[in-house]
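Welcome, and thanks for taking a look at this model. Have the sequence and the 3D view open as you read the notes.

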Amino acid sequence: MKALVWHGTDDVRVERVPDPALLNPRDAIVKVTTTAICGSDLHLLDGFIPTMKSGDILGHEFMGEVVDVGRDNRKLRVGDRVVVPFTIACGHCFFCERELWSCCDNSNPNAWMLEKLYGMSSSGLFGYSHMMGGYAGGQAQYVRVPFADVGPIKVPDSLTDEQVLFLSDIFPTGYMAAENCDIHEGDTIAVWGCGPVGQLAMASAKLLGAGRVIAIDSVPGRLDLARRQVDATVINFEQEDVLDRLKQLTGGRGPDACIDAVGLEAHGFTLDAYYDRVKTATYLATDRSNALRQAIHACRKGGVVSIPGVYGGVLDKFPLGAAFSKGLTFKMGQTHVMKYLAPLLARIERGEIDPSFVITHRLPIDEAAAAYRTFRDRKNECIKVVLKPHQPAVH
Amino acid sequence: MSSINVQQTERWASALGGAALLVAAARRLADERPGQAAFLSAVGTGLMWRGGTGHSNFYAAAGINTAERGDDARTHLSGPRGIFVEQAVSIARSPNELYREWRHLERIPQFVPNVVSVRVLDDRRSHWTARGPGKARAEWIAEIINDIPNELIAWRTVGGADMVSAGSVHFASEPGNRGTVMSVKLQYDLPGGKATALFAKVFGSEPSQVLREGLRRFKQLMEAGEIPTTEGQPRGGR
């Protein structure tokens, strides 16, 4: 089959690899009909995530058709059309039973690596380094799905792939970020970072009753999308003082909740030495941790700072004094995708939201390697890329 | 050396016996027989001391230790010698489910890395084979020395095995129906450290990590019904 394979920093290629096979009794094999490139995949392209190995297949946002099912999997059948969550969960441990799916104890074969790094391991993820389990990802024609009787959700034929694909990651991620804000009718929610997760966090905040959302970014195309889609008030941080503007807009009180949908992208998964390297080498990096500091400073007293953006290492100059003084609440973490699948699918079915509004590029998988670079380098025109693994290349 | 090597009831007996001897010594003193009184009070004081501290110099000299039940590996290797490792894991199953599964010794190779087979010889004894990288290989016969259903299994190696070791596994239920904390203690040694070197060859240089992986996989089997793996999945060429 064809798959997008990581070979090193700035080196991803589409190549032929063996087809996946069932390895465990609860597995399923899915023929991927649509997949996407996630902003977090760019950290892999840029070589910021440790424990990657040349030959790893990427991709954690995908859906398709079940073509084979393991003997202990009593939920799926060949022919089912499913969306697959990017987090892998066993369904039976302490954490799964409490709907903390991304904290699953039993799905990461390399749990010891994360235990060394963080003291404890969280769930396995598709296509996202060996410390996250080393699972082959879904930017491929076929993918093996472990614990496939827990994660995948069947979707009705009345909805298109593009309408439901983002249930795999970014829609639940944006939604959980908004839900974590404990939104009350009329609240003002400020969102740093207007990539796909930020966009869906804003849309979700509206669904949950926010009276106003404020979009903060420096890319005009992304701010425009936020204005069009969710009627956001926009702040371009390159042109305006974010804290001043937020005070103006809220009469000095500050937003009721602040969402950091940026994360320490460039810093991702730092170890100490690694951290120092990044800290000294990139100006961007300091800019990006600014988002969280700004969110803490801007947030109203007693408000919530919600963090869907990925952080991996040790944070420098964290303004805990301001957070303490204002009595802030922090909520964060990998998305418990399974918790949101059914309710969010229902919202899509009812027509309350169509998450496909973030898509800007649709390409056959043969063009995936080039698409990674477009996504990274041309943020103004490129917000979200979806790939069609079985669509022939256009020449 | 002042570690505890006298068992609890024996300590009470020593203390009570010592007290009785001191009373007797006081009587002898009252009867104006100071020689006997001195002897009895010396022995009595010694026994009281033994009861109070739990340490017997005689036991220490003879390599005897009655303080520990069969659940501590140290007992069976006559003291705190060799390498001692300890790991615990919380499993969302009841102690009796876990005890029952673990007691099927022949299933242990499913989850303990590098143990390739366990053959049950009789009620108490079993034959173990472990393999490491290359030709490293170890065999031993283990004997169950303490078996309290749903609570505890303890074992030690017997005969002229490659590996001299002893260990125990405890099953303790967690409050609030959360399952069981399962803890394993393991000690292994051989005069001259041969077993240690062999163990390192077969199990790698971090025995506590091997034990941890074994417990993790046991948990995965018991909770999820399978051990997660990526072995055999597709990869790109180099």
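Predicted model: local features only at pLDDT ≥ 70, side-chain atom pairs only at ≥ 80, totals over all residues.

Residues are numbered from 1 along each chain as its sequence is written, while chains are lettered from A and ligands numbered from 1 in the order in which they are written.

**The sheet of chain B**

- In chain B, 7 strands build an open sheet in the order β1-β7-β6-β5-β4-β3-β2, with antiparallel pairing; strands are DSSP runs (E, at least two residues) numbered from the N terminus, and two of them pair if DSSP finds at least two bridges between them.
- β1 (83-91) and β2 (115-120) of chain B are the edge strands, each pairing on one side only.
- From one strand to the next, the twist averages 20°.
- Within chain B, β3 (residues 125-131) and β4 (residues 137-148) pair in the antiparallel sense over 7 bridges, and A130(B) has A138(B) in β4(B) as its bridge partner.

**Helices across the sheet**

- Helix α5 (residues 95-103) of chain B lies across β1, β5 (152-158), β6 (165-173) and β7 (180-188) of chain B, at about 155° to β6(B); helices are DSSP runs of H or I with at least four residues, and angles run from 0 to 180 degrees between N-to-C directions of axes fitted to C-alpha atoms, for helices over the stretch in contact.
- Helix α7 (residues 207-224) of chain B lies across β1 and β7 of chain B and runs at about 20° to β1(B).

- Helices α6 (residues 196-207) and α7 (residues 220-230) of chain A pack at about 20°, with their axes 10 Å apart.
- That angle makes α6(A) roughly parallel to α7(A), a term for angles under 35 degrees.
- Q199(A), M202(A), A203(A) and K206(A) in α6(A) meet L225(A), A226(A), Q229(A) and V230(A) in α7(A); residues are in contact if their C-beta atoms, placed from the backbone, lie within 7 Å.
- Strands β12 (residues 212-217) and β13 (residues 233-236) of chain A pair in the parallel sense over 4 bridges, and D217(A) has N236(A) in β13(A) as its bridge partner.

**Where the chains meet**

- In the contact between the chains, 22 residues of chain B touch 33 residues of chain A.

How values were computed
Contact = placed C-beta atoms within 7 Å. Parallel < 35°, antiparallel > 145°, perpendicular 65-115°, else oblique.
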